[in-house]
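Hi,

Here is the structure I promised to pass on.

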Amino acid sequence: MRTTISVIKADIGSLAGHHIVHPDTMAAANKVLAAAKEQGIIIDYYITHVGDDLQLIMTHTRGELDTKVHETAWNAFKEAAKVAKDLGLYAAGQDLLSDSFSGNVRGLGPGVAEMDIEERTSEPIAIFMADKTEPGAYNLPLYKMFADPFNTPGLVIDPTMHGGFKFEVLDVYEGEAVMLSAPQEIYDLLALIGTPARYVIRRVYRNEDNLLAAVVSIERLNLIAGKYVGKDDPVMIVRLQHGLPALGEALEAFAFPHLVPGWMRGSHYGPLMPVSQRDAKATRFDGPPRLLGLGFNVKNGKLVGPTDLFDDPAFDETRRLANIVADYMRRHGPFMPHRLEPTEMEYTTLPLILEKLKNRFKKESDVYKAKESVYAKEEAQGHD
Ligand SMILES: O=C(COP(=O)(O)O)[C@@H](O)[C@H](O)[C@H](O)COP(=O)(O)O
Ligand SMILES: [Mg+2]
Ligand SMILES: [Mg+2]
Ligand SMILES: [Mg+2]
């Protein structure tokens with residue numbers, strides 16, 4: 001059976017700051033998705049949240065970028081945003097950047113990860129959802145999952161994986177994508193994806209048969225809006241097992257809490273902390289950036305599950321290290337490399353500050369000239 005998995009997310013407002021989605025807004029979204037299921041637009045759905053981001057996980061047979069499915073998601077967000085407004089929740093409608101829907105939600109604010117797949121006999125998938133970071137945050141774990149045998153022994157051991165995987169990398173500034181194959185081109189691949197603010201892994205395919213293995217939401221909100229309007233808080237779908245990374249290999253890629261951009265005011269590097277659904281809320285310094293993982297099986301379009309993937313003491317040490325790293329980074333205060341580099345601050349306050357101070361900057365040479373003339377005057381007076 002051909003099934004499309006659509007994960008569409010948006011921040012429609014949250015409780016007590018950019019902290020956590022309110023259950024009443026989830027209920028409003030649920031009504032819209034239940035009606036869409038009733039009408040046969042979608043087969044199944046699951047609604048959840050990570051931090052202040054409302055997540056709609058949907059299955060159907062209508063393919064990617066389908067107008068009806070996207071309209072359903074848009075209406076769900078609109079209804080949820082209305083409730084957020086009524087309750088006086090913070091930043092109600094934050095990610096809904098447009099008033100009108102025009103065919104699909106791309107470019108309107110919500111993040112989208114979709115894959116249209118031929119269901120295998122058993123189709124295990126993991127859905128990863130992050131808050132207070134951006135799409136490039138998945139570059140490192142995706143590389144580990146699909147190209148690093150120290151993380152994924154299946155690349156060496158499983159004959160179906162042995163041919164490697166190819167990565168579609170998008171330059172989010174130029175809007176161009178390039179396909180690079182691992183292991184053959186890993187140095188070129190790393191040269192790009194090591195700059196995750198610009199080069200984002202969008203899709204991963206198995207080399208042997210072009211099977212689609214992973215999809216990331218690549219929207220960068222500030223590039224859409226031209227100013228800082230919250231972080232993108234990306235989602236990712238990964239297919240698992242039987243010639244693909246095992247569930248444990250996919251999760252292992254998150255055992256190291258690597259530094260990602262985001263956190264407070266979208267302007268700081270901090271560790272990506274994998275958490276359970278219970279802890280999927282932004283707290284310390286509006287973070288640290290959090291990652292929720294849910295596991296499902298997809299059967300005839302039905303979502304079987306979920307299981308809460310990081311709700312496990314095996315990730316306690318990752319979280320402990322993340323907290324130590326959070327402390328260490330915080331002690332830098334407003335200094336780089338805790339604070340983001342200027343290019344990434346472009347859409348926040350930095351241009352305004354530079355504009356304000358424009359006339360107070362003096363040319364070094366002018367300062368010297370002024371000093372020299374004072375000195376010359378003093379000298380002249382001294383000789384009198
Ligand atoms: O990055 C943040 C929110 O991102 P998000 O909504 O999760 O995309 C927060 O740290 C806010 O920037 C911070 O709380 C300040 O928010 P405002 O008071 O400017 O709304
Ligand atoms: Mg928010
Ligand atoms: Mg968020
Ligand atoms: Mg956001």
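**The metal site and its surroundings**

The magnesium ion (ligand 4) is held by Lys231 through O and by Asp233 through OD, at 2.0 to 2.2 Å. Donors here are N, O and S atoms within 2.8 Å of the metal (3.2 Å for Na, K and Ca), and water is not among the atoms, so sites may look incomplete. A distance of 5.1 Å separates this ion from the magnesium ion (ligand 2).

Before you read on: this is a predicted model, where local features need pLDDT of at least 70 and side-chain atom pairs count only at pLDDT 80 or more, while totals for chains, interfaces and linings use all residues. Residues are numbered from 1 along each chain as its sequence is written, chains are lettered from A and ligands numbered from 1 in the order in which they are written, and side-chain values use heavy atoms, with hydrogens and water left out.

Back to the site. UniProt, in an unreviewed entry, lists Lys231, Asp232 and Asp233 under "binding site"; its positions are given in the numbering used here, feature names are shortened, and annotations may be inferred rather than shown by experiment.

Asp232 sits in the loop between α6 (221-225) and β10 (235-239); helices (H or I, at least four residues) and strands (E, at least two) are DSSP runs, numbered from the N terminus. Asp232 counts as buried because its relative accessibility is 7%, buried being under 20% relative accessible area, exposed over 50% and partly exposed in between (1.4 Å probe, protein chains only). Leaving aside neighbours within four places in sequence, Asp232 has contacts (heavy atoms within 4.5 Å) that include Lys9, Glu134 and Arg220.

Asp233 is in the loop between α6 and β10 too, and is buried with a relative accessible area of 2%. Not counting residues up to four places away in sequence, Asp233 touches Asp52, Asp53 and Asp131, among others.

**Helix α2**

The 20 residues of α2 (residues 67-86) should span 28 Å at 1.5 Å a residue, and the end C-alpha atoms are 28 Å apart, which agrees; the expected span is 1.5 Å times one less than the number of residues. Among the buried residues of α2 are Val69, Trp74 and Phe77. The buried residues of α2 pack against β1 (2-10), α1 (23-38), β3 (53-60) and β4 (111-118). Just after α2, Gly88 has a positive phi of about 70°.

Cheers
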